[in-house]
Amino acid sequence: MAKLSQPARFDVIVIGAGIAGLYQLYRLRELGLTVRVFETGSGVGGTWYWNRYPGARFDSESYTYGYSFSEELLQEWNWSEHFAAQPETLSYLNHVADRFDLRRDIQPDSRVASAVFDEAALRWEVTLDDGECFSSRFLITAIGPLSAHTLPRIPGISSFRGQSFHTSRWPREAVDLAGRKVAVIGTGATGVQVIQTIAPQVAQLTVFQRTPNWCTPLHNRLITEEEQRTIKAGYPAMFELLRHTPGCYIHNTDPRGTFEVKEEEREAFWERLYGEPGFGIWMANFRDVLTDPKANALFSDFVARKIRQRVKDPEVAEMLIPKNHGFGTRRVPQETSYYEAYNLPHVRLVNTRRTPIERITETGIRTSAAEYAFDMIICATGFDAVIGAFEQIEFHGVGGRRLKDHWVNGPKTYLGLMSVGFPNMFTIVGPHNASTRCNIPRCIEQNVDWVTGLMRAARDRGIARVEARPEAEADWTQHIEELADGMLYTQVDSWLTGINSNVEGRNVRRILQYQGGAPAYRARCDEVATSGYVGMTLS
Ligand code: NA7
């Protein structure tokens, strides 16, 4: 494409055409604003565009995950399973893009390299990595909390001559797994989905596990025709329920404390949770399981017993039981026959804390104890979560200040949507908002609707500059820290606390999320809007 001499000018530039970017575009169009969405991928869908690895699927009930803004869309779309697989979700998002004619404002294959605020013009100058420039009054990031993937920092990683993929860069073409000798590095939610899916297909599977996680059954199944009718008739009530649960899931915390009920009743309750689909076991457990170490230890013991029952080799079972963190203090992977995969004769588990990986070689992986040959290495090694994607773009605010520098000691935000010195910029699903502990489309819709309200006010009142006040940012950032106080997850390393051994400097735990629950977060955002945007300067 020929370079334009003048930057193409828009009212709003949105970065990212995933769930958030698509919905934001839809809402801004309703306001009659000119919008351009830049997307790194060749298509829409974000997470669901990139994560094509075998076994990728929802952990949220499908019908709770779809957009809620269009009754027609809700009624015409049939989810086939209670927890849909990636291809279905990607076709859903493509359907949304077509149905609402969104593609004409989306520019694919376009990675934003920098966004620089021109204070004199009160505009954002956005440059793509091919040098093309654009400008807009407002800038909205919809870049996702888990989009900056990270490969393991292991010597020799580029020397392997077989096939090798990071799960979030899985090829679009079919990958033949039959008869192959495969290694999987990583046992987070992604690794678990991959391992359980490919174990029956490959000739040999070796799992390199550094930290086991507490995995619980997903209990997925097809949606029957009758259920489909019930789901469609029940959407209004279901969305109303989701507005009141802490994470916008259909699961709500049990108000009882673990030790308030008799042992027999407690066991029966936990057995029931273990037998039910989805995140209920994490989200609808006793109210103190994620805050009281004793309650947490007792429930962790319950899950450990389940693992011992399911894994035949007691030594392997012990390796699969987490010893350095309690249940639910890291993201709980949802599984389908994951533990049973280790009962297959061609599946083996390597504990990389006991025998660390020393090197990836041309033919495989060498640990301190052995050398393994592989045809394929799958890295399920996760993401530079929540702030990583922000660091891949040079954001320069007032006076050339870099966002990276503003957040050097952890994010500083107002409502998780704005940062001081970065006027007219809004971070959907950014750090400090409720969305990364949320059934994410629900919190995305809230974020987008709130920003859209502000855009409407700006349009109607001729406001050219919108900015968070320093004291509001300081108060919010302190509020975020206070809300997380006493939560067990803050004492554990994981992406939820911003730890990533593969990225320089990500070795300090951070509070990245709002922990007060989505309803309280929404109420606070609404209060700010109805008060005429307290804590912000509009001029
Ligand atoms: P996660 O949950 O961050 O998991 C990454 C896994 O990879 C985890 O088991 C890591 O072990 C392991 N890992 C990372 N680097 C290495 C190296 N260098 N050597 C050995 N093992 C390593 O990412 P996922 O993709 O599974 O899930 C991310 C989220 O996406 C998920 O929670 C869903 O919400 C969607 P560690 O635990 O760090 O010891």
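Colleague: In what order do the strands of the open sheet of five strands run, and with which pairing?

Modeller: The order is S7-S16-S8-S9-S12, with parallel pairing, where strands are DSSP runs (E, at least two residues), helices are DSSP runs too (H or I, at least four residues), and both are numbered from the N terminus. Two strands pair if DSSP finds at least two bridges between them. The edge strands are S7 (163-166) and S12 (347-351), each pairing on one side only. Neighbouring strands of this sheet are turned by 15° against each other on average, direction ignored, with axes being lines fitted to C-alpha atoms, for helices over the stretch in contact, and angles running from 0 to 180 degrees between N-to-C directions.

This is a predicted model, in which local features need pLDDT of at least 70 and side-chain atom pairs count only at pLDDT 80 or more, whereas totals for chains, interfaces and linings use all residues. Residues are numbered from 1 along each chain as its sequence is written, and side-chain values use heavy atoms, with hydrogens and water left out.

Colleague: How many bridges join strand S8 to strand S16, and which helix packs on the sheet?

Modeller: Strands of a sheet pair through backbone hydrogen bonds, either parallel or antiparallel. Here S8 (residues 181-185) and S16 (residues 376-379) run parallel and are joined by four bridges, with Val182 opposite Met376 in S16. Helix H6 (residues 189-198) packs on the sheet, touching S8, strand S9 (204-209) and S16, and its direction makes about 160° with that of S8; contact means heavy atoms within 4.5 Å.

Colleague: Which residues take a positive phi in the hairpin of S4 and S5 and in the hairpin of S5 and S6?

Modeller: Strand S4 (residues 112-118) runs antiparallel to S5 (residues 123-128), and six bridges join them, with Val116 opposite Glu125. Their hairpin has four residues between the strands, and Leu122 takes a positive phi near 55° there. S5 is also joined to S6 (residues 133-141) by four bridges, again in antiparallel fashion, with Trp124 opposite Ser136. In the hairpin of S5 and S6, which has four residues between the strands, Gly131 has a positive phi near 95°.

Colleague: Which strands stand at the edges of the open sheet of three strands?

Modeller: The order is S13-S14-S15, with antiparallel pairing. Strands S13 (357-360) and S15 (371-373) stand at the edges with a single partner strand each, so one side of each is left without a neighbour in the sheet. The twist averages 20° from one strand to the next.

Colleague: Which residues touch the most other members of the largest nonpolar core?

Modeller: A nonpolar core is a set of buried Ala, Val, Leu, Ile, Met, Phe, Trp, Tyr and Cys residues joined through side-chain atoms within 4.5 Å; buried means under 20% relative accessible area, exposed over 50%, and partly exposed in between (1.4 Å probe, protein chains only). The largest core has 83 residues, of which Tyr67, Leu415 and Trp450 touch the most other members. Its largest share, ten residues, comes from helix H16 (residues 440-461). A second, separate core of 52 residues includes Val192, Leu273, Val289 and Tyr342.
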